[in-house]
Amino acid sequence: MKTVIVSHSDVDGVVSAALIYRVKGDVSVLGCYLSSIRALIRSLGLAVNNALVNGASHLIISDLNIADDNQTKVITKLLSKLVNIGIEVYWFDHHKWLEKFINELTGIGVNMYIDESMVAAEIIAKYFRLDDDYSRKLVELAIDDDRFINKNPLSTRWRRVLRWYDWNFRRKAVKALAKGDLWPKWVDEAYKTIETIYVAMLRQAIKNLKIIDVNGYKVATVFNVPGKVHPGDVHLELISQGLDADIYVLIYSGGTSFRSRVVNVASLAQKLGGNGHTHSAGAPIRFSNVDEVKNTLSKILPIKAKS
């Protein structure tokens, strides 16, 4: 099985890719492309070219989803090149998908495995029957990070180093995890290098906090969050300091992250051109001030029911 992988660059995506490397049998990985959702078309383009040039039998995509109709058209055209010549394409994901996007990909012959009740690593481990002790530890790591359970101290560390370092670091991490090293020495050294700086940046970021009311919801808004700081860490830091908001809006230079235990932020993000999960999502929209946040959210949020 000559395989090309395209996976998300977060913990779940990196673990998912590592699990594919661990599939038993005659598996040869021709290339592994880690991607953000915004870079998905470019990453798939590189992967498709690799598959065509090197005679791949499979393309496996994990922990990534399609955001809009334009993306669907381009991706459908790309993947058709493989399916039409007999290369099998599998897509494993747990984000919220619009049914029409699933139908379009299924219609051209892509094997779709979407399950919002699992993380992507779980779906892959179940499909490929990876149930050895180490593979289970990898899946548990992905679950702990992606669902923000945070009982495993390695979750926070992996989350931070994958956010901080470059694509070469992430690809190296995939191979290390695949070989059976849950926390390599070189990753530990990399983490120690950034730990103090990261915490300082995190604490500085939350100084840009503004609290507003939108349709009865208490909204915590943080502007100018550094790109190397994970939104989940900003959320946890605010909670640790006693801030209990209905919605957390974390604004980066390239977009906005939404977090909530009260509102389905995946639906909210979809209305703004993004996507995600029920409790954590993102959209390619950037707000300049609290008035923009309030005006935009007031149009898409329902009025909060009085308790």
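Let us start with the open sheet of 5 strands, whose order is β2-β1-β3-β4-β5 and whose pairing is parallel. Strands here are DSSP runs (E, at least two residues), helices are runs of H or I with at least four, and both are numbered from the N terminus. Two strands pair if DSSP finds at least two bridges between them. At the edges stand β2 (28-35) and β5, each with a single partner strand, so one side of each is left without a neighbour in the sheet. From one strand to the next, the twist averages 15°.

Before going on, please note that this is a predicted model, in which local features need pLDDT of at least 70 and side-chain atom pairs count only at pLDDT 80 or more, while totals for chains, interfaces and linings use all residues. Residues are numbered from 1 along each chain as its sequence is written, and side-chain values use heavy atoms, with hydrogens and water left out.

Now look inside the sheet. Strand β3 (residues 58-62) and strand β4 (residues 88-93) run parallel and are joined by 5 bridges. Here I61 stands opposite W91 in β4. Helix α2 (residues 40-54) packs on the sheet and touches β1 (2-8), β2, β3 and β4. The direction of α2 makes about 170° with that of β2. Helix α5 also packs on the sheet, touching β3, β4 and β5, and its direction makes about 135° with that of β4. Such angles run from 0 to 180 degrees between N-to-C directions, and axes are lines fitted to C-alpha atoms, for helices over the stretch in contact.

Next come the aromatic rings. The whole structure holds 14 aromatic pairs; rings of Phe, Tyr and Trp (its six-membered ring) pair if their centres lie within 6.5 Å, and planes under 30 degrees apart count as stacked, over 60 as edge-to-face and the rest as tilted. The rings of Y113 and Y127 have centres 5.0 Å apart and planes at 55°, so this pair is tilted. Y113 lies in strand β5 (residues 111-114) and Y127 in helix α5 (residues 120-127), 14 residues apart. Y113 is partly exposed, with a relative accessible area of 31%, and Y127 is partly exposed at 32%. In these terms, buried means under 20% relative accessible area, exposed over 50%, and partly exposed in between (1.4 Å probe, protein chains only). Y113 and Y127 also belong to one aromatic cluster with Y90, F92 and F128.

Another pair is formed by F169 and W186, with ring centres 5.1 Å apart and planes at 75°, so the pair is edge-to-face. F169 sits in helix α8 (residues 167-179) and W186 in helix α9 (residues 185-205). F169 is buried at 9%, whereas W186 is partly exposed at 24%.

Let us turn to two helices. The axes of α6 (residues 133-146) and α7 (residues 153-164) come within 9 Å and cross at roughly 75°. They are therefore roughly perpendicular to each other (angles under 35 degrees count as roughly parallel, over 145 as roughly antiparallel, 65 to 115 as roughly perpendicular and the rest as oblique). L141, D144 and D145 of α6 meet L154, S155, W158 and R159 of α7, where contact means heavy atoms within 4.5 Å.

Finally, strand β9 (residues 255-260) runs antiparallel to strand β11 (residues 280-283), with 4 bridges between them. R259 stands opposite S280 in β11. Strand β10 (residues 275-276) is also antiparallel to β11, through 2 bridges, and a hairpin of 3 residues joins β10 to β11.
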